[in-house]
Amino acid sequence: MILFENVTKTYPRTTRPALEDVSLEIPRGEFAFVVGTSGSGKSTMMQLVMKEQDVTSGRVLVAGRDFDRLPERKVPALRREIGCVFQDFRLLPNKTVFQNVAYALQVLGSSRARIRQTVPETLELVGLAGMEKRLPHQLSGGEQQRVAIARAFVNRPPILLADEPTGNLDPDTSLGIVQLLDRINRTGTTVVMATHDTVTVNAMRKRVIRLDRGVLVSDMEAGDYTTGSLPRIRLDETGAPRRADEPEVPDGYDDGDPTAYDGRSDHDDHDDRDDRDDRDDTDDTDGPDALPPIGRDADEPRGRGGLFRRSKATQTSSH
């Protein structure tokens with residue numbers, strides 16, 4: 001579903017790569033946390049999956065598409081298969097909850113009948129039934145994030161990316177948001193969440209991918225923020241091991257990119273990220289496809305395969 005092969009990304013006017021020689025595979029139906037300090041490369045990884053940035057070297061495949069061979073005119077179609085959730089919600093302030101969620105279907109030309117059926121179903125899924133007529137400023141932060149998740153999921157995309165979705169929320173609300181993402185994951189959607197949220201990562205016991213200064217330093221099944229965050233070890237001049245230096249970039253979301261989050265990217269048409277494919281979206285919550293349990297009581301992790309198989313822990317050394 002998502003494959004990185006020896007991916008390096010270096011932004012203009014910088015010398016240190018935001019991502020360096022990263023290889024990993026996230027299979028269909030996976031739930032994976034991407035963790036690391038600010039500047040570790042988490043947001044860059046998300047942008048590469050969305051093809052908002054191009055790799056400097058290496059290869060990226062997403063949803064069966066090889067980005068090396070993907071023409072620009074087909075990028076919007078790719079983005080319709082990827083739902084995105086952000087830290088700052090990005091709701092339309094003058095639109096109701098219903099209208100915010102319906103917008104993702106309207107831009108695809110969905111019929112009014114489909115919108116009338118699908119939007120209420122999705123709002124019920126995220127726990128917002130009865131709030132269709134409220135405006136964003138009438139909602140709490142957690143409720144606004146649930147609207148954003150509903151908008152990202154209303155078209156049932158095969159991939160859902162969440163970039164620091166709990167960054168503005170309190171711990172209890174954060175855990176509820178991630179449990180909702182877990183519930184969505186168990187409908188078959190691949191979920192990748194970049195986060196600093198130690199408590200939530202530890203509570204969910206999902207796959208944990210750790211980045212440090214752009215390097216993949218660990219990748220663990222059912223990990224937590226501690227065991228999934230092994231320090232990158234280097235050798236000093238005497239040959240003795242020492243911990244990696246702190247990131248050289250300031251705290252924030254830049255990953256070393258001087259143009260990040262200022263509206264610029266390698267592509268001008270990335271406003272299509274709210275677009276979704278017009279695929280089957282019926283969801284009978286009372287039938288055999290009812291949503292399964294969430295959190296620690298959920299089923300054991302599914303078996304994985306593919307080109308890159310993960311060990312219990314990975315620790316790299318640099319000389």
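Start by selecting Leu61 and Asp66: in this predicted model, Leu61 stands opposite Asp66, which belongs to strand 5. Strand 5 runs antiparallel to strand 4, residues 57–62, and two bridges join them.

Four strands make up an open sheet, ordered 2-1-4-5, and their pairing is antiparallel. At its edges are strand 2 (19–26) and strand 5 (65–66), each of which pairs on one side only. Strands of a sheet pair through backbone hydrogen bonds, either parallel or antiparallel.

Helix 1 lies across strand 1 (2–9), strand 2 and strand 4, and runs at about 120 degrees to strand 1.

Go back to Asp66 and show side chains. Which residue forms a salt bridge with Asp66? The partner is Arg59, and the closest N and O atoms are 3.2 Å apart. Asp66 is buried, with a relative accessible area of 13%, while Arg59 has 30% relative accessibility and counts as partly exposed. Select Glu5 as well: Glu5, Arg59 and Asp66 are linked in a network of salt bridges. Side chains of opposite charge can pair when their charged atoms come close.

For a parallel pair, pick strand 3 (residues 31–35) and strand 9, joined by four bridges. Within this pair, Val35 stands opposite Arg210 of strand 9.

Leu211 has Leu216 in strand 10 as its bridge partner. Is strand 10 enclosed or open to the outside? Six of the six residues of strand 10 (residues 215–220) are buried, so strand 10 is largely enclosed by the rest of the structure.

Stop at the turn of this hairpin, where two residues lie between the strands. Arg213, in the loop between strand 9 and strand 10, has a positive phi of about 55 degrees although it is not a glycine. Arg213 is buried, with a relative accessible area of 9%.

**Asp182 and its partners**

Select Asp182, Arg186 and Lys206. Asp182 and Arg186 meet through their side chains in a salt bridge, at 3.7 Å from N to O. Both Asp182 and Arg186 are buried. A salt bridge also joins the side chains of Asp182 and Lys206, at 2.9 Å from N to O. Asp182 is in helix 6 (residues 171–185) and Lys206 is in the loop between helix 7 (198–204) and strand 9, so this pair ties together parts that are 24 residues apart in sequence. Lys206 is buried, as is Asp182. The whole structure has nine salt bridges.

Phe89 is not a glycine, yet it has a positive phi of about 70 degrees. Phe89 is buried, with a relative accessible area of 11%.

Leu92 lies in the loop between strand 6 (82–86) and helix 3. At 33% relative accessibility, Leu92 counts as partly exposed.

Then show helix 3 itself, residues 97–106. Its buried residues are Val97, Asn100, Val101, Ala102, Ala104 and Leu105. Among the elements covering the buried residues of helix 3 are helix 4 (112–125) and helix 5 (141–153).

**The whole chain**

Finally, zoom out. The chain has seven helices and 13 strands. Of its 319 residues, 53% are buried. The chain exposes about 14700 Å², with carbon and sulfur atoms supplying 47% of that. Counting contacts between residues at least 6 apart in sequence, 73% join residues at least 24 apart.

Key
Residues numbered from 1 in each chain as written. Predicted model: local features only at pLDDT ≥ 70, side-chain atom pairs only at ≥ 80, totals over all residues. Heavy atoms only, no water. Pairing = 2+ DSSP bridges. Contact = heavy atoms within 4.5 Å. Axes fitted to C-alpha atoms, helices over the stretch in contact; angles between N-to-C directions. Buried < 20%, exposed > 50% of the residue type's maximum accessible area, 1.4 Å probe, protein only. Areas by Shrake-Rupley, 256 points an atom, 1.4 Å probe, with all protein chains shown as cover. Salt bridge = Lys/Arg side-chain N within 4 Å of Asp/Glu carboxyl O.
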